[in-house]
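Visitor: I would like to go through this model and ask on what grounds each label is given.
Guide: Then let us take the labels one by one, each with its criterion.

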Amino acid sequence: MKTDIEIANECEIKKIEEIANKINIPDDALELYGKYKAKIDVSKISGENKAKLILVTAINPTPYGEGKTTVSIGLGDALNKIGENCLMVLREPSLGPVFGVKGGATGGGYSQVIPMEDINLHFNGDFHAITTANNLLCAAIDNHIMQGNSLNIDPNEIKFYRTMDMNDRALREIVVGIGEKNGVERKDKFNITAASEIMTIFCLAKDIQDLKERLDNILIGYTYDKKPVYAKELNVTGSMTVLLKEAIKPNLVQTLEANPVIIHGGPFANIAHGCNTIIATKLGMKLADYVVTEAGFGADLGAEKFLDIKCRKAELKPDCVVLVSTIKALKYNAGVEKKDILNENVEAVKKGLCNLEVHVENMKKYGVNLVVCINKYNTDTDDEIDVVLEYCRENNIKVSLSEAYVKGGEGAIDLARKVIEECNKENNFKLLYDENDDIKNKIEKICKEIYRAGNVIYTQKAEKEIDNIKAIGKYNLPICIAKTQYSISDDKNKLGKPEGYDITVKDVRLYSGAGFITVLLGDIMTMPGLPKVPSYEKIYIDENEKIVGIF
């Protein structure tokens with residue numbers, strides 16, 4: 001099989017104006033970033049949110065991902081191939097995974113978004129703008145304290161942290177202000193950009209004015225007498241908004257089959273809410289009849305947050321959910337080691353079906369219409385695939401086998417037709433919890449209903465933060481849980497369908513600008529580290545000045 005870059009280089013890439021014409025984007029709304037990329041001025045686009053909304057999610061993944069983006073692109077290409085007007089709206093890749101474990105995030109094989117090198121590396125500068133806006137606020141906090149601290153900010157109670165778009169575990173805990181005339185010495189930390197509150201604000205804002213208001217409402221810390229301090233009190237949010245004024249415009253690119261794709265915003269789903277921007281999703285729903293979008297990692301993370309946070313905030317409801325499963329993920333959830341995961345093992349597939357089962361059950365709690373998609377790999381055997389097909393038939397679950405990786409849109413036509421059938425059915429979508437419930441009640445609803453925990457245990461630090469949030473009246477917000485992506489639990493080693501276990505809330509953070517409460521479970525980190533053999537060792541420019549190694 002050829003590499004993704006080799007496949008992409010073989011395909012003809014269209015000028016972005018041609019792609020824009022396919023979905024009737026007016027010329028004055030298109031801002032070119034070279035020949036093959038553009039930003040879209042949303043203020044120049046009119047119309048109603050008419051499209052059917054399709055969410056692509058997955059079972060708990062292996063460390064290498066299960067191809068949600070590949071399925072999303074293949075499904076979108078397939079819908080266009082059978083004559084429907086479909087637009088894909090996806091997340092931007094973070095440089096952390098690109099140079100860490102997973103590599104790029106633009107699909108694979110013959111279901112890719114291009115130009116993949118540009119999208120994976122810097123793209124149109126959105127992540128840089130978000131990082132810079134974040135760190136401007138951090139600089140303003142420390143400058144204010146050094147210049148007299150008229151707001152009486154307690155340096156030990158600062159709740160807003162620096163960020164960078166790279167996996168760098170050495171920055172998880174740091175000390176700033178060391179040395180004469182360098183400010184007030186205090187402990188600080190870095191988050192990765194994709195886990196920052198600025199990223200979540202960027203993705204949940206409805207427009208530039210809403211963005212500014214959300215930046216104003218960021219809780220940056222507390223005073224010595226325990227009163228909250230917000231970003232607006234530092235007079236910095238106007239400048240932060242200016243830094244984000246171009247980034248807030250969605251980005252237009254294309255698939256290998258020259259179908260339009262909007263890519264905008266990129267929060268992680270294990271430590272943030274895992275969905276592209278509301279602005280991009282609603283723009284897509286004006287421009288097309290079907291919009292395919294995705295939410296990161298397994299349905300216990302990305303889909304739960306898409307439904308309970310994004311849909312709640314944006315007043316959206318999915319017309320169909322596609323639950324991606326792979327044979328290797330089923331074997332992984334049965335305890336098969338990574339080195340053996342590509343070997344045929346029918347019994348392990350049967351054992352791992354419990355993970356598919358739990359995600360199907362969870363999605364049904366939201367009342368959504370569902371299609372299970374088997375994302376086929378060339379190492380899958382017919383006997384292994386038959387196990388999943390038979391399970392779905394026995395349990396009255398609509399299922400489709402996608403070969404989009406090797407066939408492009410042609411390989412996902414059956415999936416496209418089944419998705420259309422589900423989109424045309426009655427939609428009984430409902431949220432899991434009432435945001436006005438008590439904070440612990442909401443946390444425990446997710447932990448027990450979605451993660452199948454028996455007891456929820458709170459550390460002393462988590463209890464303190466919950467009390468602080470209640471004291472300033474910010475309890476009536478949805479919950480964004482940060483935890484491992486490899487299990488429905490807070491322990492990456494509890495594979496399959498663990499039930500009745502204890503789950504530990506180690507910390508709680510108020511993202512008042514984003515409008516949710518972040519809850520950290522187990523040993524989750526908001527700044528990932530690099531593996532022993534990182535992907536950056538395999539990325540280089542060859543003698544023909546072509547980029548090699550992004551996969």
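Guide: The expected span of a helix is 1.5 Å times one less than its number of residues, and helices (H or I, at least four residues) and strands (E, at least two) are DSSP runs, numbered from the N terminus. This is a predicted model, in which local features need pLDDT of at least 70 and side-chain atom pairs count only at pLDDT 80 or more, while totals for chains, interfaces and linings use all residues. Residues are numbered from 1 along each chain as its sequence is written, and side-chain values use heavy atoms, with hydrogens and water left out.

Visitor: How do you know that the span of helix 13 agrees with its 19 residues?
Guide: Helix 13 covers residues 346–364, and at 1.5 Å a residue it should span 27 Å. Its end C-alpha atoms are 27 Å apart, so the two values agree.

Visitor: Where does helix 13 bend, and what is meant by a bend?
Guide: The bend at a residue is the angle between axes fitted to the seven residues ending there and the seven starting there. For helix 13 that angle is about 30° at Gly352.

Visitor: Which residues of helix 13 are called buried?
Guide: Buried means under 20% relative accessible area, exposed over 50%, and partly exposed in between (1.4 Å probe, protein chains only). In helix 13 the buried residues include Ala348, Val349, Gly352, Leu353, Leu356 and His359.

Visitor: What makes the contact of Asp41 with Lys44 a salt bridge?
Guide: A salt bridge is a side-chain nitrogen of Lys or Arg within 4 Å of a carboxyl oxygen of Asp or Glu. The closest N and O atoms of Asp41 and Lys44 are 3.6 Å apart, so the pair meets the definition. Asp41 counts as buried at 15% relative accessibility, whereas Lys44, at 39%, counts as partly exposed.

Visitor: Why is the pair of Lys328 and Glu66 also called a salt bridge?
Guide: The N to O distance is 3.0 Å, so this pair falls within the limit as well. Lys328 lies in helix 12 (residues 327–333) and Glu66 in the loop between strand 3 (52–58) and helix 3 (68–81), so the pair ties together parts that are 262 residues apart in sequence. Both partners are called buried because Lys328 has 10% relative accessibility and Glu66 has 3%.

Visitor: What is the state of Lys494 and Asp491, buried or partly exposed?
Guide: Lys494 has a relative accessible area of 30% and is partly exposed; Asp491, at 26%, is partly exposed too. Their closest N and O atoms are 3.5 Å apart, in a salt bridge. Elsewhere, salt bridges that share partners join Glu31, Lys245, Glu246 and Lys249 into one network. A search of the whole structure finds 40 salt bridges.

Visitor: What makes the peptide bond from Ile114 to Pro115 cis?
Guide: Its omega is near 0°. Pro115 is in the loop between strand 6 (111–114) and helix 5 (116–120). Most residues other than glycine have a negative phi, and most peptide bonds are trans.

Visitor: What is the phi of Asn396, and what is that of Arg452?
Guide: Phi is near 55° for Asn396 and near 65° for Arg452, each a positive value in a residue other than glycine. Asn396 is in the loop between helix 14 (382–394) and strand 19 (399–402), and Arg452 in the loop between helix 17 (439–449) and strand 20 (455–458). Asn396 counts as exposed at 72% relative accessibility, while Arg452 is buried, with a relative accessible area of 10%.

Visitor: Why is Val261 called buried?
Guide: Val261 has 0% relative accessibility, so it counts as buried. This residue lies in strand 15, and its C-alpha atom is separated by 9.7 Å from that of Val291, 30 residues apart along the chain.

Visitor: How do you know that Ile271 is buried?
Guide: Its relative accessible area is 3%, so it is under the cut-off. Ile271 lies in the loop between strand 15 (260–263) and helix 10 (278–287).
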